[in-house]
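Here is a short report on one protein model. Please look over the sequence and the coordinates before reading on.

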Amino acid sequence: MMEFTFDGIVRQGFGFYNPNHAAALICAIFPFLWGWKKYAWIGWFLTFLLTVPLVMTYSRTGVLVLGFELAAYFILSKTKNWKLIAAITSGILLILIVGGIFGRFALDKAVTNRPEIWFAGLKLYAANPLGIGLSNSGMIVSNFMLENIQCRTLVNSHLTLLAEFGMIAGFFWFSFIFYALFTGVKKPRTWCAVAGLVISAISASIFDWDLLSDFQNFGELPLLNFVLSWLMLLLFLAMTLYLLWGKVNLKRLGIAVGCAILCVILPFCLWKADTPKVKSDIVYTSPDAPLVLYDEEWNLKSLLPYCKNGYQIPLQPGLVKIKAEKVILFGNAAEYAPEYPESKITYVNPPDFFEPVANTEKIILPPHDTREFSF
């Protein structure tokens, strides 16, 4: 597994594979240490102690979320003890400075890549409002929409859910969150914890839908990471339900629904005709474009230079039986040619021993390949 490091220091995940996810859970705990009626000083002392593992994650988002939660708590609880506010803020800042976490606050690829990924994800959703399927978003934007950026998700749990599951799921997800935040302000500690997780989910896939659904392989990561990921999601859902529990406020519900509608509708202003469309795990430019089949030695991006006239490309290598006027076969996929007797076949870098079928239109060989064929 890849280690997350900063300046030669290993960033701690405390059971999570990704330290940013650990920081999100730590930040969700902070508000419940504040404002104890008895022994309040113990809660603030524990806050200082908990800041230390937050520093060890070296998560920029974690620091920003902690700052937001602290400010939101003092506002919602109407705290006017300025000496307390100053002391707590100064103590936390001192720990953060000594820990060296502010050294990470610089423009790097982890920061500058995110807007590009999010923008591509919004365009992908606009072209596929009913969803592109679980675990497909990162693969599609990386291979079809971005240059030199590889991502497994859209590095934003809300946007990943919207793109992969579509506008209906997105509408209910956003309505659920907005209504909880609009109605739960009188429960400041829980409100701060939920809002903190919502913000963390904007800049990282703390709710990793692909991993959470993988009960067999746990996303190819340790079991502890899988368990903690589910724990964080269940904690978020439980706290959000707690915020909205009670008599329904129709006015706030209406506002929440309106905000959710905006979230699922506004991305359509980014719709473009050339954005890849997805159906049944096939990415296509048009339904009558050539069907592209390939073996495991080819990656999706390496296929595109040969697809100047559009494409229908399955997201996984192998045989896919759909009607197509033209079929392009890469590498060992040449063996699929007999399955398409009525299509015009193009071979790209076919294996050494193969016979082109009668309906072959073109054979593309690498420069060093001197083979000759008649068809």
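The sections below cover the basis of the model, a helix, a strand, salt bridges, rings and selected residues.

## Basis

This is a predicted model, in which local features need pLDDT of at least 70, side-chain atom pairs count only at pLDDT 80 or more, and totals for chains, interfaces and linings use all residues. Residues are numbered from 1 along each chain as its sequence is written, and side-chain values use heavy atoms, with hydrogens and water left out.

Helices (H or I, at least four residues) and strands (E, at least two) are DSSP runs, numbered from the N terminus. Buried means under 20% relative accessible area, exposed over 50%, and partly exposed in between (1.4 Å probe, protein chains only).

## Helix α8

Helix α8 covers residues 167-183, 17 residues in total.

The buried residues of α8 include Trp173, Phe174, Phe176, Ile177, Tyr179 and Leu181. Gly170, Ser175, Ala180 and Thr183 are also on that list. Their cover includes α7 (157-165), α9 (188-203), α10 (209-212), α11 (223-244) and α12 (250-265).

## Strand β7

Strand β7 runs over residues 326-330. Of its 5 residues, 4 are buried, so the strand is largely enclosed by the rest of the structure.

Strand β7 pairs with β5 (residues 291-293) in the parallel sense, over 3 bridges. Pairing requires at least two DSSP bridges between two strands. Valine 292 stands opposite isoleucine 328 of β7. Strand β8 (residues 344-348) also runs parallel to β7, joined by 5 bridges. There lysine 326 faces lysine 344 of β8.

## Salt bridges

Side chains of opposite charge can pair when their charged atoms come close. The whole structure holds 5 salt bridges, each a side-chain nitrogen of Lys or Arg within 4 Å of a carboxyl oxygen of Asp or Glu. One of them joins arginine 60 to aspartate 108, with the closest N and O atoms 3.1 Å apart. Arginine 60 lies in helix α3 (residues 60-76) and aspartate 108 in the loop between α4 (82-99) and α5 (109-127), so the pair ties together parts 48 residues apart in sequence. Arginine 60 is buried at 12% relative accessibility. Aspartate 108 is partly exposed at 28%.

Aspartate 210 and arginine 152 meet in another salt bridge, at 3.7 Å, N to O. Aspartate 210 sits in helix α10 and arginine 152 in the loop between α6 (137-145) and α7, so this pair links parts 58 residues apart in sequence. Aspartate 210 is partly exposed at 27%, and arginine 152 is partly exposed at 48%. Glutamate 339 and lysine 321 also form a salt bridge, at 3.2 Å, N to O. Glutamate 339 belongs to the loop between β7 and β8, and lysine 321 to the loop between β6 (312-314) and β7, so parts 18 residues apart in sequence are tied together. Glutamate 339 is partly exposed at 38%, whereas lysine 321 is exposed at 52%. Salt bridges with shared partners join Arg152, Asp208 and Asp210 into one network.

## Aromatic rings

The structure holds 25 aromatic pairs. Rings of Phe, Tyr and Trp (its six-membered ring) pair if their centres lie within 6.5 Å; planes under 30 degrees apart count as stacked, over 60 as edge-to-face and the rest as tilted. Tryptophan 34 and tryptophan 44 are stacked, 5.9 Å centre to centre, with 15° between the planes. Tryptophan 34 lies in the loop between α1 (19-29) and α2, and tryptophan 44 in helix α2, so the pair ties together parts 10 residues apart in sequence. Both are buried. Phenylalanine 218 and phenylalanine 226 have ring centres 5.0 Å apart and planes at 50°, so the pair is tilted.

Ring pairs link Phe30, Trp34, Trp44, Tyr73 and Phe74 into a cluster.

Threonine 47 is in helix α2 (residues 40-57). It is buried, with a relative accessible area of 0%. Contact means heavy atoms within 4.5 Å. Not counting residues up to four places away in sequence, threonine 47 touches Phe30, Leu33, Trp34 and Ile92.

Threonine 190 is in helix α9 and is buried at 8%. Leaving aside neighbours within four places in sequence, threonine 190 contacts Phe32, Met239, Tyr242 and Leu243.

Key: The expected span of a helix is 1.5 Å times one less than its number of residues.
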